[in-house]
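Here is a short briefing on a protein model. Look at the sequence and the structure first, then read the points below.

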Amino acid sequence: MRVVLVSVSSLLGLVGLPLAGCANDPVYIPAPMTLEAGIADMMGQPSEARASLQLPIKTETAADKTARDALAAKLAPILVPYVKVGDLEIDVEWTIKNLDMKPGQAKVELNGANEYFSYDPSIIMLDPGNDEAPPTPGLSGDIPIDVPAGGEVSGLFTEDNVREASIDLDEITRGNFNPFRANLTISKNAKEFQPMTALMPAVENYMQEPLGPAIPREAFAALTRIDIVFKPSTHMTLQFNVRVRDIRGIMHDLLLAAVTDKPGELQTFMPAEFNVAGAAPP
Amino acid sequence: MLRFAAVSATLAMLGGPGALCRVASARPAATGWFAEGGLGAVAFLPKASSDAKLGPALDVRIGRDLFAWLSVGVSLAASSHEATVPPPPEGEWFQLYRGGGDVRLRGRFDRIAAFVEGGAGIALISSNVLGRVMITDPGEHFSIAFAAGAGIEYQLENRHYTAGLAADGFLLPQFATLRAIDTRLYLRYTY
């Protein structure tokens, strides 16, 4: 009898394995193209390359909408996004190939958009008029990486990095945090953040004040678009791949093929371009 | 003395000297319902062999011996593999689950038996990481599975237990006709 029980238990365990595994099995979304940069432009500066990958997220179901509306009513006036931090666990894997015969350096910067705002640090001037001011930081990365001549280097933005980037983006956009503050503080485990009055870099000695209620973690917006900026010093290519663990089951089964095969089943997001001069918390 | 003579006479009448000298089968094997569990490895054959490494596998099978030489069964198997597609991604793993029915033909030579088997079922792959090399299509997770193989068994002294070594080749047509070899050591209990 014991043998029978062990056999049945083993069998049930094995049957359960795929079912249990499905919830956390990753899916892989390849980059839309290979980024090639580092070729000197007219000014002799190495070129940059950038690419965006919109995550193929299914349209919101009626049940999800009802639950979201109920939470929004409870947290009012705070808006509750459809895709929240924790719904998707994302990492971005990349490989750089140095096509040059001399060693070089490359930087890979992660930016992106949630359903409310997109973030492009190259258009944000935090200290207008100061030519020596450091550039506005990206959400993650932007660290020099040595790439040997003709060599290959791989790396990744981990799930923690991307979660931190998601929260930083929400803090910068809905919370009006200075991007340096958001970038230099660890928020991946934050339970809430306090929105501030809008940044006014042109106003001297301006102090931000708290504005409205704190936004709780259950209303943190997650990245729905991944933007990669590639900045090599010599001629190089970068390929990247987005790995998603779909915790809530909101990714479309066809992934990017759904864009052409079933576009009506994909949620459309129209984030506003964030800028310190023009953005206000919704 | 009289009793001994009577017993001897009775035995002689029942079987004669031949019966007294017959040796019992050294390793009798039970037949009937059985359960089998095995551990082994799955290796992909070209051209998928360049896209996934050999990985550990677990198999369980239950079935019934219809005759001493013929049995039918259902099996479930799971294996885990590191994808070796061109990076990125790098160092990522996926799981392959297989389930189906099979038929096994067996020939026994005392304590050793040899068998051939074949069957069909379905396979499930846990992720789309092999989509990068076009082994899976977008949204594709299932394939029909065909399997065939052979093995040898060793009957233990206990008539219920058998240890064996088997190798099956399987084919997954929907996954770009992926082919692989599943090799396993197993223990079977026959009720």
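The points below go from the whole chain to single residues.

This is a predicted model: local features need pLDDT of at least 70, side-chain atom pairs count only at pLDDT 80 or more, and totals for chains, interfaces and linings use all residues. Residues are numbered from 1 along each chain as its sequence is written, while chains are lettered from A and ligands numbered from 1 in the order in which they are written.

**Chain A as a whole**

- Chain A has five helices and 14 strands. Both are DSSP runs, numbered from the N terminus: helices are H or I with at least four residues, and strands are E with at least two.
- Of the 282 residues in chain A, 37% are buried. Buried means that 20 or more other C-beta atoms lie within 10 Å of the residue's own; exposed means 12 or fewer, partly exposed means in between, and C-beta atoms are placed from the backbone.
- Take the contacts in chain A with a separation of 6 or more: 76% of them join residues 24 or more positions apart. Two residues are in contact if their C-beta atoms, placed from the backbone, lie within 7 Å.

**Where chain A touches chain B**

- Chain A gives 26 residues to the contact, and chain B gives 23 residues.
- On the side of chain A, the elements that give two or more residues are α1 (2-22), β1 (26-30), β4 (88-98) and β13 (236-246).
- The largest share of that side, nine residues, comes from α1(A).
- That side of chain A divides into 15 nonpolar, seven polar and four charged residues. Here Ala, Val, Leu, Ile, Met, Phe, Trp, Tyr, Cys and Pro count as nonpolar, Asp, Glu, Lys and Arg as charged, and the others, Gly among them, as polar.

**Helix α3 of chain A**

- Helix α3(A) covers residues 159-173, and its 15 residues should span 21 Å at 1.5 Å a residue. The expected span is 1.5 Å times one less than the number of residues. The end C-alpha atoms are 21 Å apart, which agrees.
- This helix is mostly covered, with 12 of its 15 residues buried. Among them are Val162(A), Ile167(A), Leu169(A) and Ile172(A).

**The nonpolar core**

- The largest nonpolar core has 81 residues. Such a core is a set of buried Ala, Val, Leu, Ile, Met, Phe, Trp, Tyr and Cys residues joined through C-beta atoms within 7 Å.
- Val92(A), Leu223(A), Phe230(A) and Leu238(A) have the most contacts inside the core.
- Leu238(A) touches Leu35(A), Trp94(A), Ile96(A), Val108(A) and Phe230(A), not counting residues up to four places away in sequence.

**Backbone points to find**

- A cis peptide bond joins Ala76(A) and Pro77(A), with omega about 10 degrees. Pro77(A) sits in the loop between α2 (62-75) and β4 of chain A.
- In chain B, the bond from Pro46(B) to Lys47(B) is cis, with omega near 10 degrees. Lys47(B) is in the loop between β1 (33-44) and β2 (55-67) of chain B.
- Asn205(A) is not glycine, yet its phi is positive, near 60 degrees. Asn205(A) counts as exposed because it has 4 C-beta neighbours inside 10 Å.

**One strand residue**

- Ser52(A) lies in strand β3 (residues 49-54) of chain A. Ser52(A) is partly exposed, with 14 other C-beta atoms within 10 Å.
- Ser52(A) is in contact with Arg225(A) and Asp227(A), leaving aside neighbours within four places in sequence.
- The C-alpha atoms of Ser52(A) and Val229(A) are separated by 9.0 Å, though the two are 177 residues apart along the chain.
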